[in-house]
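The following note reviews a structural model in numbered points. Please read each point alongside the sequence and coordinates displayed here.

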2 protein chains.
Amino acid sequence: MAMNGVRQDNPVVVVHGGAWNIPDQLLEGSKNGAKASARAAYRILKMGGSALDAVVAAVRVLEDDVNFDAGTGSVLNSNGEVEMDAVIMDGKTLNAGGVACVQNIKNPIDLARLVMDKTEHVLLVGKGANQFAEEMGIKEIPVSQLVTEEARREFNCYKQYGNAVEELFGRKKDLSHDTVGAVALDMHGNIAYGMSTGGITAKRPGRVGDSPIVGNGGYADNEVGAVSCTGHGESIIKVCLAHSIISYMEQGMSAQEAAEKGLMKMDQRVNGHGGVIVVGKNGDIGTFFTTPRMTWAWVKDNKLHYGIEDNEDNCEDFE
Amino acid sequence: MAMNGVRQDNPVVVVHGGAWNIPDQLLEGSKNGAKASARAAYRILKMGGSALDAVVAAVRVLEDDVNFDAGTGSVLNSNGEVEMDAVIMDGKTLNAGGVACVQNIKNPIDLARLVMDKTEHVLLVGKGANQFAEEMGIKEIPVSQLVTEEARREFNCYKQYGNAVEELFGRKKDLSHDTVGAVALDMHGNIAYGMSTGGITAKRPGRVGDSPIVGNGGYADNEVGAVSCTGHGESIIKVCLAHSIISYMEQGMSAQEAAEKGLMKMDQRVNGHGGVIVVGKNGDIGTFFTTPRMTWAWVKDNKLHYGIEDNEDNCEDFE
């Protein structure tokens with residue numbers, strides 16, 4: 001059943017740090033974080049490493065960076081708690097692992113990978129996910145190590161979730177954070193995606209968005225490509241955005257065309273905004289967003305591209 | 001954004017009570033349960049009621065029937081606890097509501113509907129879902145009211161989840177239970193689906209399968225149709241089965257062709273077995289399963305059809 005991809009010497013990684021109304025004071029930190037994430041993944045791919053290892057490396061960098069809403073820097077729910085989601089998927093086997101509403105761990109992406117590698121399941125949530133983490137020897141950390149000043153500030157601004165959504169993903173101005181994710185194609189033709197998030201400020205306890213859900217927030221299939229979405233999670237779920245984009249590519253669209261068509265559908269059908277990154281099985285790249293800004297970076301052919309504004313595309317050599 | 005369907009006087013409901021190695025002693029009870037469920041929904045549809053109300057009514061009947069693994073009769077996880085999942089989706093607005101790993105409530109489908117109707121979210125899990133139930137005034141019941149003798153017996157047989165999956169969804173013989181679900185098309189041309197499950201015997205605490213996940217276990221879109229899947233949840237997630245079937249229908253396949261193609265893909269790509277029920281926006285019906293048996297029933301044109309074995313199709317008048 002396992003499908004090996006076409007061997008090719010031109011690996012690709014694309015990452016995002018969230019699509020939302022990113023404030024000016026976070027621009028520099030967000031761009032640098034995305035670049036560091038893409039570089040960490042590309043280093044692995046260049047040495048012949050797997051797409052799975054590459055997306056884990058990329059997501060870990062973003063989880064550990066306080067500029068992003070994942071791992072350290074996760075936002076607070078309406079109880080003032082941190083509940084985190086993460087996922088990983090292997091396009092070769094279609095195996096996947098995810099966790100949702102997990103608490104007190106530093107790198108949820110590592111736990112997601114263990115769900116994939118060590119259980120018969122795809123998704124573990126809540127106290128069951130924490131029980132599994134303990135079983136795997138993952139150390140619990142105090143929540144204070146995950147929470148930044150910025151997250152506390154946002155929590156105080158947005159006790160009302162409804163307001164938060166309108167202001168953060170629409171065209172109004174204010175702060176919050178969003179999902180991080182990565183897609184990669186390795187030298188062996190294998191494809192993977194990984195994602196992690198603290199969700200949306202002032203979300204209800206137990207709320208799960210699109211991020212840890214295979215087909216909603218992301219998908220990876222060696223026969224087609226990989227997608228990672230970001231933005232308003234509930235909208236992404238309703239149109240099953242990642243799998244919609246995969247279907248468009250199966251029908252012959254390029255990564256970029258499929259990305260644009262997917263987000264246009266989400267806008268038309270549920271008035272939802274967000275962003276996506278896509279890699280096709282042949283290495284073509286798509287990035288698109290309907291929010292004011294999205295942090296993204298990719299590396300291919302030893303060139304690192306990155307940006308955050310509409311039509312921004314900076315390029316530098318991968319060193 | 002809301003899409004109204006084409007008004008038509010020919011409502012349809014299709015229900016399933018799970019696709020697995022259903023043992024002989026459950027055949028009669030399962031068939032009768034599926035028939036009662038389809039009748040309850042069709043009664044609502046005939047009076048001009050909504051597809052949403054119809055699928056809730058159908059799923060409630062199956063939740064309250066001890067022959068099915070949902071609500072009363074839910075199986076036990078590896079801790080010997082009951083954790084239930086349910087979902088509902090409105091094909092007109094693409095709004096959806098789901099709960100996962102919720103405990104001590106009688107009808108998870110009602111809670112799923114409240115998530116859709118009363119929150120900004122799509123999915124609530126674990127203690128957060130129970131917190132929301134309490135807020136909505138849903139009474140907690142002792143777990144003893146949900147657990148049947150049969151569920152306890154299965155739990156004792158299958159402490160090892162791996163064995164359970166192989167035996168229940170493959171061609172080996174033994175007992176367990178599975179998801180219930182319904183899809184409906186009402187006189188106003190609106191489409192919906194609903195599902196509920198106790199999961200798989202001896203699952204890890206916190207395990208979420210395909211059932212409550214929009215696009216994995218089911219999907220509803222007035223512009224295309226609705227799907228509800230059943231069978232091995234992890235396999236269904238990996239191929240994003242419901243949304244795959246919706247995509248095939250968008251590309252012009254009939255409900256039946258799309259159902260068959262989806263399950264064949266699942267078999268080929270991840271060696272997974274299951275069953276699906278489908279209704280197209282024009283009322284065409286699809287039912288297909290790759291497990292030894294699936295309990296299903298549908299009503300259209302005042303005719304009730306039902307069956308459980310390969311090629312079994314009984315018909316009686318809807319009274």
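How much area is buried between chain B and chain A, and what percentage of it do carbon and sulfur atoms give?

1. Extent of the interface. About 4,300 Å² is buried between chain B and chain A, and carbon and sulfur atoms give 54% of this area. Buried area is the accessible area (1.4 Å probe) that two parts lose on being put together, summed over both. Chain A contributes 54 residues to the contact and chain B contributes 53 residues, where contact means heavy atoms within 4.5 Å. Of the area that chain B buries against chain A, 18% comes from B:Arg204, B:Lys238 and B:Arg269, more than from any other three residues.

2. Basis of the values. This is a predicted model, in which local features need pLDDT of at least 70 and side-chain atom pairs count only at pLDDT 80 or more, whereas totals for chains, interfaces and linings use all residues. Residues are numbered from 1 along each chain as its sequence is written, chains are lettered from A and ligands numbered from 1 in the order in which they are written, and side-chain values use heavy atoms, with hydrogens and water left out.

3. Polar pairing between the chains. There are 24 residue pairs in polar contact between chain B and chain A, both residues being at pLDDT 80 or more. A polar contact is a pair of N or O atoms within 3.5 Å; within protein, one must be able to donate a hydrogen and the other to accept it, and residues adjacent in sequence count only if both atoms are side-chain atoms. The interface also holds 6 salt bridges (a side-chain nitrogen of Lys or Arg within 4 Å of a carboxyl oxygen of Asp or Glu).

4. A:Arg204 and B:Glu135 meet at 3.1 Å, N to O. The pair joins two chains, because A:Arg204 lies in the loop between β6 (191–197) and β7 (207–208) of chain A and B:Glu135 in helix α4 (residues 126–135) of chain B; helices (H or I, at least four residues) and strands (E, at least two) are DSSP runs, numbered from the N terminus. B:Glu223 forms a salt bridge with A:Arg269, with the closest N and O atoms 3.4 Å apart. A:Arg269 is buried at 10% relative accessibility, while B:Glu223 is partly exposed at 34%. Here buried means under 20% relative accessible area, exposed over 50%, and partly exposed in between (1.4 Å probe, protein chains only).

5. A salt bridge within chain A. Over all chains the structure holds 30 salt bridges. One of them pairs A:Lys31 with A:Glu312 at 2.8 Å, N to O. This pair links distant parts of the chain, 281 residues apart: A:Lys31 is in helix α1 (residues 27–46), and A:Glu312 is in the loop between β13 (303–307) and β14 (314–317). A:Lys31 is buried, at 16% relative accessibility, and A:Glu312 is buried, at 16%.

6. Annotated position. The unreviewed UniProt entry places the feature "active site" at A:Thr179; UniProt positions are given in the numbering used here, feature names are shortened, and annotations may be inferred rather than shown by experiment. A:Thr179 is in the loop between α6 (161–169) and β5 (180–185) of chain A and is buried, with a relative accessible area of 2%. Not counting residues up to four places away in sequence, the residues that A:Thr179 touches include A:His16, A:Ser196, A:Ser211 and A:Cys229.
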